[in-house]
Amino acid sequence: MTSRAILAALLLASSTGVAAAQSPDQAFAGKTITIYVGYTAGGSYDLYGRLISRHLGAHLPGRPSVVAQNMPGAGSLKAANYLYEVAPRDGTALGVVVESAALEQALANPAAQYDAAKFTYVGRVATSNNIFMMWHGAKVQSLEDATRMPSLLAGTGPGSIAETIPKLTNALIGTKFKLISGYPASTEAMLAMERGEVDGASSSWAAVKVGKADWLREGKIKIILQTTPERTPELPDAPCLGEIGNTPADRQVFALYASGSAIGRSLIGPPGIAAERIKALRDAFDAMVKDPDFVADVQKINVELDPLPGSALAALVEKTLSIPPAVRDRAIEAFGR
(Lines give C-alpha, C1' and ligand atoms only; values in the text may rest on other atoms or scores of the structure.)
Protein backbone atom coordinates (compact mmCIF):
# COMPACT_ATOMS: atom_id res chain seq x y z
CA MET A 1 0.00 0.00 0.00
CA THR A 2 1.36 3.42 -0.96
CA SER A 3 1.88 6.13 1.62
CA ARG A 4 -0.99 8.10 0.06
CA ALA A 5 -3.32 5.11 0.39
CA ILE A 6 -2.27 4.57 4.00
CA LEU A 7 -2.98 8.22 4.78
CA ALA A 8 -6.39 8.00 3.11
CA ALA A 9 -7.22 4.87 5.13
CA LEU A 10 -6.21 6.59 8.37
CA LEU A 11 -8.32 9.64 7.56
CA LEU A 12 -11.29 7.41 6.76
CA ALA A 13 -10.91 5.54 10.05
CA SER A 14 -10.61 8.80 11.94
CA SER A 15 -13.73 10.32 10.37
CA THR A 16 -15.66 7.10 10.97
CA GLY A 17 -14.63 7.23 14.64
CA VAL A 18 -15.82 10.83 14.97
CA ALA A 19 -19.13 9.97 13.35
CA ALA A 20 -19.58 7.06 15.73
CA ALA A 21 -18.73 9.24 18.72
CA GLN A 22 -21.36 11.74 17.60
CA SER A 23 -24.00 9.11 16.83
CA PRO A 24 -27.25 9.92 18.66
CA ASP A 25 -27.30 6.53 20.35
CA GLN A 26 -23.86 7.22 21.85
CA ALA A 27 -24.25 10.95 22.58
CA PHE A 28 -23.18 10.68 26.23
CA ALA A 29 -20.93 7.61 26.03
CA GLY A 30 -17.88 7.89 28.26
CA LYS A 31 -19.04 11.16 29.79
CA THR A 32 -19.93 12.15 33.34
CA ILE A 33 -23.00 14.29 33.93
CA THR A 34 -22.92 16.47 37.05
CA ILE A 35 -26.15 17.57 38.73
CA TYR A 36 -25.43 20.71 40.74
CA VAL A 37 -27.66 20.91 43.81
CA GLY A 38 -28.14 24.46 45.06
CA TYR A 39 -28.10 23.53 48.75
CA THR A 40 -26.08 21.42 51.17
CA ALA A 41 -26.76 17.75 51.83
CA GLY A 42 -29.80 16.59 53.74
CA GLY A 43 -32.61 18.76 52.40
CA SER A 44 -35.18 17.91 49.76
CA TYR A 45 -33.26 19.51 46.88
CA ASP A 46 -30.32 17.26 47.71
CA LEU A 47 -32.66 14.31 48.22
CA TYR A 48 -34.19 14.71 44.77
CA GLY A 49 -30.90 15.60 43.09
CA ARG A 50 -29.32 12.38 44.29
CA LEU A 51 -32.44 10.39 43.45
CA ILE A 52 -32.19 11.60 39.85
CA SER A 53 -28.44 10.93 39.75
CA ARG A 54 -29.01 7.27 40.66
CA HIS A 55 -31.34 6.61 37.73
CA LEU A 56 -31.00 9.11 34.87
CA GLY A 57 -27.86 7.62 33.32
CA ALA A 58 -29.55 4.28 32.63
CA HIS A 59 -31.92 6.01 30.21
CA LEU A 60 -29.45 8.26 28.40
CA PRO A 61 -27.73 7.25 25.16
CA GLY A 62 -24.30 5.87 25.99
CA ARG A 63 -25.29 5.26 29.64
CA PRO A 64 -23.05 7.95 31.17
CA SER A 65 -22.16 8.24 34.82
CA VAL A 66 -24.29 10.78 36.70
CA VAL A 67 -23.14 12.37 39.95
CA ALA A 68 -24.69 14.95 42.27
CA GLN A 69 -22.56 17.82 43.57
CA ASN A 70 -23.67 20.35 46.17
CA MET A 71 -23.19 24.02 45.30
CA PRO A 72 -24.85 26.03 48.09
CA GLY A 73 -25.01 29.81 48.19
CA ALA A 74 -27.50 32.69 47.86
CA GLY A 75 -30.48 30.43 48.40
CA SER A 76 -29.32 28.22 45.48
CA LEU A 77 -28.99 31.18 43.10
CA LYS A 78 -25.21 30.59 43.09
CA ALA A 79 -25.85 27.27 41.35
CA ALA A 80 -28.40 28.86 39.01
CA ASN A 81 -25.92 31.58 38.04
CA TYR A 82 -23.21 28.97 37.50
CA LEU A 83 -25.44 26.96 35.17
CA TYR A 84 -26.34 30.06 33.23
CA GLU A 85 -22.92 31.68 32.92
CA VAL A 86 -20.18 29.07 33.34
CA ALA A 87 -21.33 25.45 32.97
CA PRO A 88 -20.68 23.52 29.75
CA ARG A 89 -23.61 23.59 27.32
CA ASP A 90 -23.40 20.02 26.08
CA GLY A 91 -25.83 18.38 28.50
CA THR A 92 -23.18 17.28 30.98
CA ALA A 93 -24.06 19.99 33.54
CA LEU A 94 -27.55 20.04 35.03
CA GLY A 95 -29.03 21.45 38.21
CA VAL A 96 -31.68 21.29 40.90
CA VAL A 97 -32.28 24.82 42.20
CA VAL A 98 -34.89 26.74 44.16
CA GLU A 99 -38.39 26.58 42.71
CA SER A 100 -38.73 30.37 42.80
CA ALA A 101 -35.65 31.04 40.61
CA ALA A 102 -37.76 32.53 37.80
CA LEU A 103 -39.79 34.56 40.26
CA GLU A 104 -36.68 36.01 41.89
CA GLN A 105 -35.54 37.25 38.49
CA ALA A 106 -38.96 38.74 37.73
CA LEU A 107 -38.99 40.54 41.09
CA ALA A 108 -35.54 42.08 40.57
CA ASN A 109 -33.54 40.07 43.10
CA PRO A 110 -29.98 41.34 42.46
CA ALA A 111 -28.60 37.86 43.17
CA ALA A 112 -30.44 36.45 40.13
CA GLN A 113 -27.95 36.96 37.31
CA TYR A 114 -29.75 35.00 34.59
CA ASP A 115 -32.71 34.95 32.24
CA ALA A 116 -34.84 32.07 33.51
CA ALA A 117 -36.67 31.77 30.17
CA LYS A 118 -33.40 30.65 28.54
CA PHE A 119 -32.61 27.73 30.85
CA THR A 120 -33.16 24.23 29.48
CA TYR A 121 -36.04 22.61 31.36
CA VAL A 122 -35.62 18.84 31.47
CA GLY A 123 -38.53 17.86 33.72
CA ARG A 124 -40.14 17.96 37.15
CA VAL A 125 -39.99 15.05 39.57
CA ALA A 126 -42.50 16.41 42.07
CA THR A 127 -44.39 19.46 43.22
CA SER A 128 -43.24 20.89 46.53
CA ASN A 129 -44.54 22.18 49.80
CA ASN A 130 -42.19 24.27 51.91
CA ILE A 131 -43.18 24.70 55.53
CA PHE A 132 -42.33 27.12 58.30
CA MET A 133 -42.03 25.55 61.73
CA MET A 134 -41.44 26.79 65.24
CA TRP A 135 -39.66 24.86 67.98
CA HIS A 136 -42.00 23.69 70.71
CA GLY A 137 -40.35 25.95 73.30
CA ALA A 138 -40.73 29.14 71.24
CA LYS A 139 -43.30 31.74 72.31
CA VAL A 140 -44.60 32.06 68.75
CA GLN A 141 -46.67 29.02 67.81
CA SER A 142 -48.86 30.46 65.03
CA LEU A 143 -48.92 33.17 62.36
CA GLU A 144 -51.23 35.16 64.62
CA ASP A 145 -48.67 34.92 67.43
CA ALA A 146 -46.03 36.16 64.97
CA THR A 147 -47.97 39.38 64.39
CA ARG A 148 -47.96 40.12 68.13
CA MET A 149 -44.42 39.27 69.19
CA PRO A 150 -41.00 38.97 67.49
CA SER A 151 -39.28 35.68 66.80
CA LEU A 152 -36.02 34.60 65.19
CA LEU A 153 -36.06 32.60 61.96
CA ALA A 154 -33.08 30.93 60.30
CA GLY A 155 -32.42 32.29 56.80
CA THR A 156 -30.70 30.35 54.03
CA GLY A 157 -29.89 33.02 51.43
CA PRO A 158 -31.50 35.91 49.57
CA GLY A 159 -33.14 33.71 46.94
CA SER A 160 -34.47 31.11 49.34
CA ILE A 161 -38.08 30.55 50.36
CA ALA A 162 -36.79 30.64 53.95
CA GLU A 163 -36.08 34.38 53.54
CA THR A 164 -38.49 35.65 50.89
CA ILE A 165 -41.68 34.43 52.57
CA PRO A 166 -40.95 35.93 56.03
CA LYS A 167 -40.05 39.23 54.36
CA LEU A 168 -43.37 39.15 52.56
CA THR A 169 -45.41 38.28 55.64
CA ASN A 170 -43.63 41.01 57.61
CA ALA A 171 -44.46 43.59 54.94
CA LEU A 172 -47.97 42.45 54.04
CA ILE A 173 -49.60 40.96 57.14
CA GLY A 174 -47.48 42.46 59.90
CA THR A 175 -45.54 39.49 61.24
CA LYS A 176 -42.47 40.36 63.29
CA PHE A 177 -40.03 37.73 62.07
CA LYS A 178 -36.36 38.60 62.40
CA LEU A 179 -34.17 36.72 59.96
CA ILE A 180 -30.82 35.33 61.07
CA SER A 181 -29.23 34.79 57.68
CA GLY A 182 -26.14 32.84 56.71
CA TYR A 183 -27.26 29.22 57.15
CA PRO A 184 -26.31 27.23 54.02
CA ALA A 185 -29.52 25.19 53.83
CA SER A 186 -32.44 23.81 55.79
CA THR A 187 -30.34 21.08 57.42
CA GLU A 188 -28.21 23.67 59.22
CA ALA A 189 -31.23 25.90 59.86
CA MET A 190 -33.13 23.12 61.60
CA LEU A 191 -30.07 22.26 63.68
CA ALA A 192 -29.88 25.90 64.76
CA MET A 193 -33.54 25.73 65.78
CA GLU A 194 -32.96 22.55 67.76
CA ARG A 195 -29.98 24.17 69.53
CA GLY A 196 -32.01 27.24 70.46
CA GLU A 197 -30.09 29.68 68.26
CA VAL A 198 -33.36 30.59 66.52
CA ASP A 199 -37.05 30.03 67.22
CA GLY A 200 -38.01 28.64 63.84
CA ALA A 201 -36.87 27.46 60.45
CA SER A 202 -38.10 26.46 57.03
CA SER A 203 -37.71 23.27 55.06
CA SER A 204 -39.66 21.17 52.62
CA TRP A 205 -42.42 19.01 54.03
CA ALA A 206 -40.87 16.05 52.19
CA ALA A 207 -37.54 16.48 53.99
CA VAL A 208 -39.14 16.98 57.40
CA LYS A 209 -41.46 13.99 57.27
CA VAL A 210 -38.58 11.77 56.12
CA GLY A 211 -35.68 13.14 58.13
CA LYS A 212 -37.47 14.52 61.21
CA ALA A 213 -40.26 12.04 61.76
CA ASP A 214 -39.34 11.91 65.46
CA TRP A 215 -39.98 15.66 65.79
CA LEU A 216 -43.45 15.19 64.36
CA ARG A 217 -44.14 12.15 66.49
CA GLU A 218 -42.97 13.83 69.69
CA GLY A 219 -44.57 17.23 69.01
CA LYS A 220 -41.25 19.08 68.96
CA ILE A 221 -42.31 21.45 66.16
CA LYS A 222 -45.42 23.40 65.23
CA ILE A 223 -45.99 24.02 61.53
CA ILE A 224 -47.39 27.54 61.18
CA LEU A 225 -47.40 28.00 57.39
CA GLN A 226 -47.21 25.95 54.20
CA THR A 227 -46.33 27.50 50.85
CA THR A 228 -49.09 25.94 48.75
CA PRO A 229 -52.14 27.53 47.10
CA GLU A 230 -54.42 25.34 49.27
CA ARG A 231 -53.96 23.35 52.47
CA THR A 232 -52.65 19.89 51.74
CA PRO A 233 -54.40 16.77 53.09
CA GLU A 234 -51.34 15.89 55.19
CA LEU A 235 -51.34 19.32 56.89
CA PRO A 236 -55.00 20.33 57.24
CA ASP A 237 -54.39 22.53 60.30
CA ALA A 238 -51.57 24.65 58.89
CA PRO A 239 -52.55 27.81 56.98
CA CYS A 240 -51.25 28.18 53.43
CA LEU A 241 -50.02 31.08 51.31
CA GLY A 242 -53.13 30.92 49.16
CA GLU A 243 -55.38 31.98 52.05
CA ILE A 244 -53.50 34.89 53.60
CA GLY A 245 -53.33 38.56 52.70
CA ASN A 246 -55.48 41.51 53.78
CA THR A 247 -56.13 43.08 50.37
CA PRO A 248 -56.73 41.65 46.88
CA ALA A 249 -53.31 42.94 45.76
CA ASP A 250 -51.56 41.33 48.72
CA ARG A 251 -53.37 38.06 48.17
CA GLN A 252 -52.16 38.09 44.56
CA VAL A 253 -48.57 38.47 45.74
CA PHE A 254 -48.90 35.50 48.10
CA ALA A 255 -50.60 33.49 45.35
CA LEU A 256 -47.65 34.26 43.09
CA TYR A 257 -45.25 32.65 45.55
CA ALA A 258 -47.63 29.77 46.16
CA SER A 259 -47.55 29.01 42.43
CA GLY A 260 -43.88 28.04 42.79
CA SER A 261 -45.01 24.76 44.33
CA ALA A 262 -46.00 23.66 40.82
CA ILE A 263 -42.41 24.07 39.61
CA GLY A 264 -41.26 22.11 42.62
CA ARG A 265 -38.23 19.85 42.43
CA SER A 266 -37.16 20.05 38.82
CA LEU A 267 -34.11 19.32 36.70
CA ILE A 268 -32.77 22.14 34.55
CA GLY A 269 -29.77 22.79 32.35
CA PRO A 270 -27.87 25.75 30.91
CA PRO A 271 -29.16 27.68 27.91
CA GLY A 272 -27.80 26.83 24.48
CA ILE A 273 -27.81 23.02 24.66
CA ALA A 274 -28.19 21.54 21.16
CA ALA A 275 -31.72 20.45 20.25
CA GLU A 276 -30.80 16.77 19.87
CA ARG A 277 -29.19 16.76 23.33
CA ILE A 278 -32.27 18.42 24.86
CA LYS A 279 -34.45 15.75 23.29
CA ALA A 280 -32.18 13.01 24.63
CA LEU A 281 -32.28 14.49 28.14
CA ARG A 282 -36.04 14.97 28.13
CA ASP A 283 -36.71 11.52 26.69
CA ALA A 284 -34.44 9.98 29.33
CA PHE A 285 -36.13 11.93 32.12
CA ASP A 286 -39.60 10.92 30.96
CA ALA A 287 -38.53 7.27 30.79
CA MET A 288 -36.84 7.49 34.21
CA VAL A 289 -39.92 8.70 36.10
CA LYS A 290 -41.88 5.70 34.75
CA ASP A 291 -39.14 3.16 35.47
CA PRO A 292 -40.24 0.66 38.16
CA ASP A 293 -36.80 0.87 39.77
CA PHE A 294 -37.09 4.65 40.06
CA VAL A 295 -40.63 4.45 41.44
CA ALA A 296 -39.49 1.85 43.98
CA ASP A 297 -36.65 4.17 45.06
CA VAL A 298 -39.15 7.04 45.48
CA GLN A 299 -41.32 4.83 47.66
CA LYS A 300 -38.33 3.63 49.65
CA ILE A 301 -37.28 7.14 50.65
CA ASN A 302 -40.92 8.19 51.12
CA VAL A 303 -41.03 11.30 48.93
CA GLU A 304 -43.60 12.55 46.44
CA LEU A 305 -43.63 11.73 42.74
CA ASP A 306 -45.63 14.05 40.48
CA PRO A 307 -43.69 14.29 37.22
CA LEU A 308 -44.08 16.88 34.49
CA PRO A 309 -42.34 16.88 31.08
CA GLY A 310 -39.75 19.52 30.30
CA SER A 311 -41.87 21.36 27.72
CA ALA A 312 -44.74 21.75 30.20
CA LEU A 313 -42.29 22.86 32.90
CA ALA A 314 -40.92 25.52 30.55
CA ALA A 315 -44.47 26.78 29.99
CA LEU A 316 -44.96 27.12 33.76
CA VAL A 317 -41.79 29.20 33.99
CA GLU A 318 -42.95 31.45 31.15
CA LYS A 319 -46.22 31.99 33.04
CA THR A 320 -44.29 32.86 36.20
CA LEU A 321 -42.28 35.46 34.30
CA SER A 322 -45.47 37.06 32.94
CA ILE A 323 -46.41 38.77 36.21
CA PRO A 324 -49.04 41.53 36.02
CA PRO A 325 -47.23 44.86 36.54
CA ALA A 326 -49.35 45.81 39.58
CA VAL A 327 -48.52 42.53 41.34
CA ARG A 328 -44.84 42.86 40.47
CA ASP A 329 -44.73 46.41 41.80
CA ARG A 330 -46.46 45.42 45.05
CA ALA A 331 -44.02 42.56 45.60
CA ILE A 332 -40.98 44.70 44.81
CA GLU A 333 -42.31 47.32 47.22
CA ALA A 334 -42.67 44.67 49.94
CA PHE A 335 -39.06 43.60 49.47
CA GLY A 336 -37.81 47.19 49.34
CA ARG A 337 -35.95 46.56 46.08
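Mentor: Helices (H or I, at least four residues) and strands (E, at least two) are DSSP runs, numbered from the N terminus. This is a predicted model, in which local features need pLDDT of at least 70 and side-chain atom pairs count only at pLDDT 80 or more, while totals for chains, interfaces and linings use all residues. Residues are numbered from 1 along each chain as its sequence is written, and side-chain values use heavy atoms, with hydrogens and water left out.

Trainee: How many helices and strands are there in the chain?

Mentor: The chain has 15 helices and eleven strands. Its radius of gyration is 22 Å, close to the 20 Å that the globule rule gives for 337 residues, so the chain is as compact as a globular protein of that length. That radius is taken over C-alpha atoms, and the rule is 2.2 Å times the number of residues to the power 0.38. Along the principal axes, the C-alpha atoms fill a box of roughly 90 × 45 × 30 Å. Among contacts with a separation of 6 or more, 77% join residues 24 or more positions apart.

Trainee: What percentage of the residues in the chain do buried residues make up?

Mentor: Buried means under 20% relative accessible area, exposed means over 50%, and partly exposed is in between (1.4 Å probe, protein chains only). By that cut-off, 52% of the 337 residues are buried.

Trainee: Which residues touch the most other members of the largest nonpolar core?

Mentor: In soluble globular proteins, nonpolar side chains tend to be buried together. A nonpolar core here is a set of buried Ala, Val, Leu, Ile, Met, Phe, Trp, Tyr and Cys residues joined through side-chain atoms within 4.5 Å. The largest has 89 residues, and Tyr114, Phe119, Leu168 and Leu267 touch the most other members. Helix α12 (residues 275–288) gives the most to this core, with six residues. Apart from it lies another core, of 18 residues, including Trp135, Met190, Trp205 and Val208.

Trainee: What does Leu168 touch, not counting residues up to four places away in sequence?

Mentor: Its partners on that count are Ile173, Val253, Phe254, Tyr257, Ala334 and Phe335.

Trainee: Which residues of helix α15 are buried?

Mentor: An α-helix has 3.6 residues a turn, so residues three or four places apart point the same way. In α15 (residues 325–335), Val327, Ala331, Ile332, Ala334 and Phe335 are buried. They cover an arc of only 155 degrees around the axis, which puts them on the same side of α15. The arc is that of the directions from the helix axis to the C-beta atoms. These buried residues pack against α6 (161–172) and α10 (248–258). Pro325, Ala326 and Glu333 are exposed on the other side of α15.

Trainee: Is Asn81 buried or exposed?

Mentor: Asn81 is buried, with a relative accessible area of 13%. Asn81 is found in helix α3 and, leaving out residues up to four places away in sequence, touches Val86, Ala111, Ala112, Gln113 and Tyr114. Asn302, by the relative accessibility of 42%, counts as partly exposed. Asn302 is placed in the loop between α13 (292–301) and β11 (308–309), and beyond its neighbours within four places in sequence it is in contact with Lys209 and Val210.

Note on methods: Contact = heavy atoms within 4.5 Å.
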